[in-house]
Amino acid sequence: RSAGMASSPCGSGNFDSGLEIKTRSVEQTLVPLVSQITTLINHKDKPNKSERTQQAIQRVGQAVSVAVGRFVGVGEAIAVENEELKEEMGMACFEARRAGDAIAKLTDVGMPVAPLVDGRKTVFSKRTGMVKAARMLLSSVTKVLVLADRIVIKQIITSRNKVLVTLEQLERVSTFQEFVQIFSQFGNQMVEFAHLTGDRQNDLKDENKKARMAAARAVLEKCTMMLLTASKTCLRHPDCESARINKDGVFHRMRFALEQVMEIVTDARPCGETKVLPLSIYTGIKDFKSNVEGLHEGLYSLPQQALSDQLEAVVERTEDFTDSAYTSHEHREGILQLCQLARQDTDQLIAAWREALSLNAKEATEEMELSILKTCQSVHELRRELHKVAVGRAADLLKLHAEHLPLRALKASGGEGNLEAVAECARTLAEQKEQLMETCRLLCHVSGTEPLEITCMHAEETFHVTVPQIISAAQTLALHPSSKIAKENLDVFCEAWESQLCDMGVLLREINDVFEGRRGKHSANLKMVKAVKLDTEEQSSIAKLGLELRLLTSDVDTEVEKWEDQEQDIVRQGQSMSSMAYSMYLFTRGEGLLKTTMDLFHQAEVKYCTRAPSPTPLIHILSFILLYFIQESIQG
């Protein structure tokens with residue numbers, strides 16, 4: 001849940017604790033709602049309100065009820081179309097409607113209220129009832145959104161299943177004509193699957209899952225072209241063993257990537273396994289420093305031996321650097337010296353710690369404070385040295401292999417039909433692969449964030465599996481040197497290798513940015529969203545919503561002159577939202593300043609700041625209805 005919910009007077013209690021919000025679209029829809037309802041409740045603390053303000057608040061309460069009613073209408077329509085959610089969605093919609101009605105009644109100035117000391121009345125005398133209604137509204141609205149999100153997951157699963165069925169058909173084809181027909185269908189299915197999973201990736205709150213999704217989708221994207229050429233080669237040379245091995249490898253990678261996507265989307269792992277990242281040196285040092293610095297606050301926070309064991313675990317992992325045949329003698333000695341210094345400083349800290357405990361000290365002594373600083377500094381220097389070694393190694397390798405000489409030699413040998421030369425080139429490429437894989441492991445140790453660690457592991461795996469596929473493609477070409485299809489196939493696999501080297505360059509820059517404090521949004525393997533026009537159904541939905549918003553907000557606009565001066569900022573913000581609603585309507589008619597969906601989304605971000613565009617049509621519609629109607633109605 002968001003921090004706003006936790007601090008809200010209506011953010012706990014009856015709020016359904018069993019609902020886990022995993023996507024930004026749901027969370028960002030609820031955060032403003034929590035804030036606005038909290039503001040509505042807090043009017044209880046402002047008893048001296050003018051008659052105009054009381055009337056305005058009543059209008060807001062009624063508008064909330066209307067907005068919730070429309071939102072519930074969409075939820076009920078979803079329930080009708082999805083039998084498996086009908087009961088749960090129906091109950092959630094019923095509770096939301098009831099809560100909306102309750103808020104309208106509690107803000108009605110005509111309702112009987114208890115007099116205050118000065119004889120005046122307030123709309124919110126029954127604060128308890130308002131809090132209860134707010135809790136019910138938040139709980140039920142969240143339930144509707146989470147249930148709607150299940151449908152998005154169902155769409156992805158259905159799309160994946162279609163892809164798998166067609167993939168099996170492609171694997172069994174025996175003629176070019178049959179292959180072309182099925183691959184055309186497969187291509188359309190992959191486009192749909194890519195859109196659905198791309199939207200999901202952008203919507204995920206968990207950055208680790210987002211990075212894993214990006215890695216799996218990158219595999220699927222690259223393998224789609226590989227599958228085309230590998231299958232064509234196998235059909236052209238059906239008795240060629242290397243062509244069959246090459247094709248089988250592509251199908252295996254695609255199935256594995258599809259399974260990874262499903263694990264992320266459904267939050268499930270085979271046999272109940274839990275995905276745990278291997279502990280990196282960066283993470284080990286961060287945890288170690290945290291425990292060391294924790295001694296400032298208390299001397300009994302952890303056993304002394306635990307601190308020593310933590311450091312030894314970090315030192316043990318530095319063997320990935322010191323044991324490498326590619327690490328220079330100078331760098332190896334530097335790492336070993338820094339490890340020894342960290343040990344010495346930690347031993348001195350533990351000695352000062354023991355002395356402080358023997359004196360029954362309640363806080364860190366001056367000697368301890370000095371030892372804490374020295375220990376933190378020594379492990380920081382160790383991390384800096386490891387970063388320099390890993391990044392330097394990666395940069396050197398990328399520069400060395402920028403000309404792709406092994407690939408050029410492999411292509412030439414294959415085209416000449418020289419199997420012995422292909423074998424020699426394959427050995428050179430395999431050595432390059434080992435260097436790159438080891439470098440990825442070192443980068444993983446110093447990456448600085450878990451999403452970047454995931455990307456490093458993906459890069460290592462990609463280098464590992466791509467080389468055997470390149471070699472099998474080269475062997476096929478060497479056996480059939482005049483085959484244009486075999487040559488095209490080798491080119492595709494070589495391009496995938498070159499692409500991965502480019503991705504590694506991007507990864508290297510991101511790791512450097514994190515280390516130097518320029519920590520930005522993780523972008524490895526992500527593509528820019530193209531600005532496109534909405535389809536007819538989406539235009540129709542937003543057009544209808546835009547018109548309804550314009551009609552509803554016209555009444556709000558007339559209230560501007562009636563509110564007190566101190567509330568003008570709130571009103572101006574309401575006017576801004578009303579303007580946005582009308583811009584949406586003009587957009588669907590092809591008029592106004594908004595020309596593409598990217599224009600629409602950018603405008604929404606400007607108006608709502610924290611409100612990002614919902615990435616799925618279903619959540620998109622629900623979020624628009626809830627945000628625009630509720631936010632416009634109850635700001636203040």
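Before I count who lines what, a reminder to myself: helices here are DSSP runs of H or I with at least four residues, numbered from the N terminus. I also keep in mind that this is a predicted model.

**Entry: cavities**

The largest cavity comes out at about 60 Å³.

Which elements give two or more residues to the lining of that largest cavity? I found helix H7 (207–236), helix H16 (450–479) and helix H17 (484–515). H7 supplies the largest share, with four residues.

I listed the lining residues next: Ala218, Val219, Lys222, Met226, Arg253, His458, Thr462, Thr466, Ala496 and Gln500. Sorted by class, I get four nonpolar, four polar and two charged residues in this lining.

**Entry: a helix pair**

I turned to helix H9 (residues 281–293) and helix H10 (residues 304–317). Their axes come within 9 Å and cross at roughly 160°. Angles over 145 degrees count as roughly antiparallel, so H9 is roughly antiparallel to H10. I also checked the hand: H9 passes H10 in a left-handed crossing.

Which residues make the contact? From H9 I noted Ile281, Gly284, Ile285, Asp287, Phe288, Asn291 and Val292. From H10 I noted Leu307, Gln310, Leu311, Val314 and Arg317. By class, this contact of H9 with H10 holds seven nonpolar, three polar and two charged residues.

Terms used:
Residues numbered from 1 in each chain as written. Predicted model: local features only at pLDDT ≥ 70, side-chain atom pairs only at ≥ 80, totals over all residues. Heavy atoms only, no water. 1 Å grid on protein atoms, 1.4 Å probe; cavity = no way out; pocket = protein on both sides within 12 Å on 5 of 7 lines; lining within 4 Å. Points joined across faces, edges and corners; volume = space filled by probe spheres on them. Nonpolar A, V, L, I, M, F, W, Y, C, P; charged D, E, K, R; others polar. Axes fitted to C-alpha atoms, helices over the stretch in contact; angles between N-to-C directions. Parallel < 35°, antiparallel > 145°, perpendicular 65-115°, else oblique. Left-handed = near helix turned anticlockwise from the far one by under 90°. Contact = heavy atoms within 4.5 Å.
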